[in-house]
Amino acid sequence: MITRTSDTELLNWTGDTLGIGLFEDAVELKDDLATLNQKYGGVFSEVIAEEEFTGKANTTVAIRVGANSPIRKVIFIGLGKVDTLKLETLRIAGATLARTAKKQKTKTLGISFPIYNNQPAATAQAITEGAQLALYQDIRFKSEPEDKNPSIETIDLLNLSGQQPAITRAEQIVSGVILARELVAAPANAVTPITMAQTAQAIAQEHGLELKILEQEDCEKLGMGAYLGVAQASDFPPKFIHLIYKPATTPKRKLAIIGKGLTFDSGGLNIKGAGSGIETMKIDMGGAAATLGAAKAIGQIKPDVEVHFISAVTENMISGKAMHPGDILTASNGKTIEVNNTDAEGRLTLADALVYTDQLGLDAMVDLATLTGACVVALGDDIAGLFTPNDNIASQLQTAAESSGEKIWRMPMEEKYFEGLKSGIADMKNTGPRYGGSITAALFLKQFVKMTPWAHLDIAGPVWADKESGYNSAGATGFGVRTLVNWVESD
């Protein structure tokens with residue numbers, strides 16, 4: 001599919017379907033729209049009245065204007081109230097319009113939306129992201145596609161002349177989101193620690209990044225007992241991935257993105273029981289997927305920032321070699337951990353990944369993890385929890401998320417709650433009391449960060465969608481990629 005800007009006036013555009021955005025309670029057709037309406041015999045105003053279309057956000061009305069017309073159909077889409085217009089409004093409207101147009105068997109689509117806050121580049125990027133993400137379909141594991149409608153081949157963005165670079169940037173980011181979606185959506189027999197390492201290698205080769213893969217013996221030399229304790233029951237070897245993007249010039253700052261990379265989580269000997277969602281635990285590498293997706297996007301955008309992409313990848317399985325509840329593991333910073341629940345394994349892998357990253361001498365680091373069901377209880381399916389003692393990083397990530405349309409909410413790091421993690425025979429346990437579970441998980445991770453400003457994103461909720469919404473189809477969302485890219489490029 002080609003997305004491009006068009007210098008053609010609204011009145012002169014030709015193609016299958018023209019999509020036009022209208023604000024709520026302001027659907028009176030004026031100027032060029034009035035002329036276009038008159039050109040087609042008043043059918044626009046007639047259908048708008050008949051359908052009682054008010055411009056409410058993401059409502060649509062489709063109008064067929066004739067087989068011999070230079071435009072086959074027109075779709076009006078509501079943008080909501082004028083004073084509530086955001087980039088996310090345009091992103092979701094672009095998604096809704098693209099899906100509607102595809103169902104109308106559109107091959108060429110013209111889009112005429114208002115420009116947000118005198119920002120044509122941001123407007124073009126948002127519309128492109130929404131449309132392309134909505135039209136993406138993952139049919140890798142189907143013998144034949146279920147959707148028989150033809151694909152949209154061309155999207156023209158009207159009134160956005162000269163914004164092709166913004167479209168290109170959107171496409172680069174979308175490619176990273178789609179990679180993350182595909183990694184999360186694929187079953188655990190397709191995405192393993194070995195194939196994750198191969199994906200990192202492909203990104204490095206294609207986009208000029210450096211790559212280090214630490215094998216098991218390398219991790220043993222570094223004393224990564226927490227990570228290797230989780231990995232020891234799997235038939236697949238652990239793969240500690242470290243991708244590095246370096247700009248051509250002196251970097252203005254150096255950052256790291258760390259993703260939890262459990263390609264399957266059985267729960268270990270504390271096995272996930274009936275109703276636990278064990279069949280969905282292929283998604284437990286959603287943090288690593290977002291990390292690699294961000295690496296793919298950053299490798300194309302090429303900002304003047306050095307970025308390290310890190311994941312301690314493994315499975316959490318059951319075998320005669322599995323760690324036992326009650327075992328004591330020693331992380332690479334010397335901290336000892338009593339494993340009172342083998343199903344709280346992600347934080348163990350992240351512990352050694354954080355210690356490793358903390359020693360790189362960076363300006364800041366962020367980890368992402370499908371870490372706790374407690375965060376989903378607190379914030380629901382759509383919002384990620386943000387934990388950090390650093391107000392500056394919190395502000396950066398909140399701004400980056402707002403621009404991307406991804407929702408995060410800063411949560412407290414109540415130091416008193418660490419009391420619940422104290423062990424009688426080790427430095428700490430890997431889980432605490434039932435209540436405040438996402439907070440104690442973040443406090444656990446904090447024990448493995450000594451020097452580098454750090455934030456933790458618990459993405460257990462928004463990594464997966466049960467039904468289609470906005471620009472996400474049901475399934476993997478690729479959550480985090482767009483926020484991470486914005487964060488890397490922030491000042």
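Me: What percentage of the residues in the protein is buried?
Reply: The model is a predicted one. A residue counts as buried when its relative accessible area is under 20%. Among the 491 residues of the protein, the buried share is 57%.

Me: How many helices and how many strands does the protein have, and which radius of gyration goes with its 491 residues?
Reply: The protein holds 14 helices and 20 strands. Its C-alpha trace spans about 85 × 55 × 45 Å along the principal axes. For 491 residues a compact globule would have a radius of gyration near 23 Å, and the protein agrees with this, at 24 Å.

Me: Of the contacts between residues at least 6 apart in sequence, what percentage joins residues at least 24 apart?
Reply: Contact here means heavy atoms within 4.5 Å. Of the contacts in the protein between residues at least 6 apart, the share joining residues at least 24 apart is 78%.

Me: How far apart do the centres of the positive and negative side chains lie?
Reply: The protein carries 45 positive and 58 negative side chains. The distance between the centres of these two sets is 1 Å.

Me: How many aromatic pairs does the structure hold, and what geometry do the rings of Tyr227 and Phe240 have?
Reply: The structure contains 5 aromatic pairs. The ring centres of Tyr227 and Phe240 lie 6.1 Å apart, and the planes meet at 65°. Planes over 60 degrees apart count as edge-to-face, so the pair of Tyr227 and Phe240 is edge-to-face.

Me: Which parts of the chain does the pair of Tyr227 and Phe240 tie together?
Reply: Both Tyr227 and Phe240 are buried. Tyr227 belongs to residues 225–231 and Phe240 to residues 239–245, so the pair ties together parts 13 residues apart in sequence, namely helix α8 and strand β8.

Me: How many residues apart in sequence are the parts that Phe240 and Tyr356 tie together?
Reply: Phe240 and Tyr356 form an edge-to-face aromatic pair, with 4.8 Å from centre to centre and 65° between the planes. Phe240 is in strand β8, while Tyr356 is in helix α10 (residues 346–358), so the parts tied together are separated in sequence by 116 residues.

Me: What are the relative accessible areas of Phe240 and Tyr356?
Reply: The cut-off for a buried residue is under 20%. Phe240 is buried, at 0%. Tyr356 is buried as well, with a relative accessible area of 13%.

Me: Which residues do ring pairs link into a cluster?
Reply: Aromatic rings pair if their centres lie within 6.5 Å. The cluster linked by ring pairs consists of Tyr40, Phe44 and Phe76.

Terms used:
Residues are numbered from 1 along each chain as its sequence is written. This is a predicted model: local features need pLDDT of at least 70, side-chain atom pairs count only at pLDDT 80 or more; totals for chains, interfaces and linings use all residues. Side-chain values use heavy atoms; hydrogens and water are left out. Helices (H or I, at least four residues) and strands (E, at least two) are DSSP runs, numbered from the N terminus. The radius of gyration is taken over C-alpha atoms; the globule rule is 2.2 Å times the number of residues to the power 0.38. Buried means under 20% relative accessible area, exposed over 50%, partly exposed in between (1.4 Å probe, protein chains only). Lys and Arg count as positive and Asp and Glu as negative; His and the chain ends are not counted. The place of a charge is taken as NZ of Lys, CZ of Arg, CG of Asp or CD of Glu. Rings of Phe, Tyr and Trp (its six-membered ring) pair if their centres lie within 6.5 Å; planes under 30 degrees apart count as stacked, over 60 as edge-to-face and the rest as tilted.
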